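Let's walk through this model together, one question at a time. Have the structure open as you read.

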Amino acid sequence: MARNVYGLDLGSYELKVYDKKNDVIWKEKDVIALKDGNEIYAVGDDAFMMYEKAPSNIEVVFPMKEGVISRFHGMQHLLQNLLKKDRQFARGSEYVVAVPTDVTEVEKKAFFDLVIHSTAKAKEVNIVERSIADAVGLNLDVQNTNGLLIANFGGETTEISIIAGGGMVMNRLLKIGGATFDQAVVNLVRHSHDFLIGRHTAEVLRKSFGIFTSEVESMLTVAGRDLITGVPMRKGISINLVRLAMKDPLIECVQAIQSLLERTPPEVRRAIHKNGIFLTGGIAHTAGLESYVEEMVGIQTRTSVEPDICAVTGLKKIIQSKELRKFAFSMIDENYRWMR
Ligand SMILES: Nc1ncnc2c1ncn2[C@@H]1O[C@H](COP(=O)(O)OP(=O)(O)OP(=O)(O)O)[C@@H](O)[C@H]1O
Ligand SMILES: [Mg+2]
């Protein structure tokens, strides 16, 4: 049996997988539910369903934190179980893993170790810088470009990258993402209404309201708990309150884009002004984000068609194309091979 190749983009919120044999991309929540401390009770979407609803002996955790692996064994277990679940799981497969650039070598190597030391018995593991995968997913010519800026707005991070001549010129990983926005909404709703909502409810509010579209008076009624009476109830939350909560973290992202641009060599910066800014990551679905970035930075901005799976779509193309394969590299040097 020919060995399979998997492309992996392990996000803090969702993991995305390309399975070459079946030529499909699938995604699942990057979540595990632990029973009585350490027994794995559920993984992926099944575990996420219990988030904020689980009984006290079940703890629902996200094994990735701010773009890097925080619970190594939990993450390994999750990945193995998902690859097995309803899917033909081929041992001895090859893996191409997208990794953030602006993290330590140890954090980067953990992505590699995760797969190579799993019971999946990987034959080969190669690494691709996630922004390069994003650029390939966007159909951009990474090799010949004279300047591109990609901002990946994810679940817990925002990664800003400047690419030119086939490589990374600048990169910054901000610890701001969907979870930051959700927490900001939870906090502001609590302060202004003495009303406690869950992070999941905050996400629903944020997704339905978007940002920066023309001012409208709009409300959404959601479930929560009144903090004065302690009674669960439903309350209308206004669009303006939710947008106000998102303002500060959004400004931080835009300022990071501006400061990275300021430090970019002038010829690359000029090319970015011409080529534009590209948005990827799940948060890029947010209505109005594109116009907001464009207005604040003053550079034409476009969003990937399917922003959350843009990087894994890039991995798919890298796996399928001989020419693009050069963007995947091995972390095994001779010493490391000997250590195994
Ligand atoms: N339609 C939508 N509108 C607004 N936000 C959305 C939408 N769909 C998904 N999101 C948000 O996108 C985020 C997840 O994006 P993504 O899958 O890119 O993150 P990730 O890759 O798991 O995280 P990271 O890259 O930070 O490690 C979540 O916060 C989710 O709420
Ligand atoms: Mg991501």
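Leaving out neighbours within four places in sequence, V97 is in contact with L8, F111, V115, V125 and I127, where contact means C-beta atoms, placed from the backbone, within 7 Å. This is a predicted model, in which local features need pLDDT of at least 70 and side-chain atom pairs count only at pLDDT 80 or more, while totals for chains, interfaces and linings use all residues. Residues are numbered from 1 along each chain as its sequence is written, and chains are lettered from A and ligands numbered from 1 in the order in which they are written.

Q: Is G7 buried or exposed?
A: G7 sits in strand β1 (residues 5–10); strands (E, at least two residues) and helices (H or I, at least four) are DSSP runs numbered from the N terminus. A residue is buried if 20 or more other C-beta atoms lie within 10 Å of its own, exposed if 12 or fewer, and partly exposed in between. G7 has 29 C-beta neighbours inside 10 Å, so it counts as buried.

Q: Which strands stand at the edges of the open sheet of six strands?
A: Two strands pair if DSSP finds at least two bridges between them. The order is β3-β2-β1-β9-β10-β19, with mixed pairing. A single partner strand each, and so one side without a neighbour in the sheet, marks the edge strands β3 (24–29) and β19 (329–330).

Q: How many residues of helix α4 are buried?
A: Helix α4 spans residues 130–137 and is mostly covered. The buried residues include R130, D134 and G137.

Q: How many residues of the shell around ligand 1 are charged?
A: Among the 19 residues around ligand 1, G11, G154, G155, G178 and G282 come nearest, where near means a C-beta atom, placed from the backbone, within 6 Å. Asp, Glu, Lys and Arg count as charged, Ala, Val, Leu, Ile, Met, Phe, Trp, Tyr, Cys and Pro as nonpolar, and the others, Gly among them, as polar. The shell has two nonpolar residues, twelve polar and, as charged ones, five.

How values were computed
Contact = placed C-beta atoms within 7 Å.
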